[in-house]
Amino acid sequence: VQLQASGGGLVQPGGSLRLSCSASRSIWSMGWYRQAPGKQREFVGVITGAGDTNYAAAVKGRFTISRDNAKNTVYLQMNSLKLEDTAVYSCYARAVGFTSPNYWGQGTLVTVSS
């Protein structure tokens, strides 16, 4: 499975941005991790094929993951962005029966700055 992420950019604090990740074929779970400069990679959120979602505490209530199964695409809508949301965001996909990501897309940089 190949994943193609897009949508990163520069945004002011309090602003919004939407990331997209398209998969070359259907796969059960798709989600996002992020890695800020000098920090370890951290989980952001995930959505399953059934539409169930899970979010990191740091983004819950501000970020929303959705998916378009017809397009094999997952979206990360990021609202009320904070300086600490600055990171490289990477999408991933996980097949049924696996607990860890099977596939990774390239990262897309999100910079929150005034």
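The model is predicted. The chain holds 10 strands and 0 helices. A search of the whole structure finds 1 disulfide, and that bond joins Cys21 to Cys91.

**Fold and dimensions**

- Read from the N terminus, the elements run β-β-β-β-β-β-β-β-β-β.
- The chain has 114 residues and a radius of gyration of 13 Å; this agrees with a compact globule of that length, which would have a value near 13 Å.
- The C-alpha trace spans about 40 × 25 × 25 Å along its principal axes.
- Among contacts with a separation of 6 or more, 52% are between residues 24 or more positions apart.

**Burial and surface**

- Of the 114 residues, 42% are buried.
- The chain exposes about 6,000 Å².

**Charge**

- There are 11 positive side chains and 5 negative ones.
- The centres of the two sets lie 4 Å apart.

**The disulfide**

- In general, a disulfide is a covalent bond between the sulfur atoms of two cysteines.
- Here the S to S distance between Cys21 and Cys91 is 2.1 Å.
- The disulfide of Cys21 and Cys91 is right-handed, because the torsion about its S-S bond is about 55 degrees.
- Cys21 counts as buried because its relative accessibility is 0%, under the 20% cut-off.
- Cys91 also has 0% relative accessibility, so Cys91 counts as buried by that cut-off.

- Ser26 is found in the loop between β3 and β4, and β4 covers residues 29-35.
- Ser26 has 52% relative accessibility; exposed means over 50%, so Ser26 counts as exposed.
- Ser26 and Gly49 are 23 residues apart along the chain.
- The C-alpha atoms of Ser26 and Gly49 are separated by 9.0 Å.

**Strand β3 and its loop together**

- The loop between β3 and β4 carries Ser26, which is exposed.

Technical notes
Residues are numbered from 1 along each chain as its sequence is written. This is a predicted model: local features need pLDDT of at least 70, side-chain atom pairs count only at pLDDT 80 or more; totals for chains, interfaces and linings use all residues. Side-chain values use heavy atoms; hydrogens and water are left out. Helices (H or I, at least four residues) and strands (E, at least two) are DSSP runs, numbered from the N terminus. The radius of gyration is taken over C-alpha atoms; the globule rule is 2.2 Å times the number of residues to the power 0.38. Buried means under 20% relative accessible area, exposed over 50%, partly exposed in between (1.4 Å probe, protein chains only). Contact means heavy atoms within 4.5 Å. Accessible areas come from the Shrake-Rupley method with a 1.4 Å probe; for residues, only the protein chains shown count as cover. Lys and Arg count as positive and Asp and Glu as negative; His and the chain ends are not counted. The place of a charge is taken as NZ of Lys, CZ of Arg, CG of Asp or CD of Glu. A disulfide is a pair of cysteine sulfur atoms within 2.5 Å.
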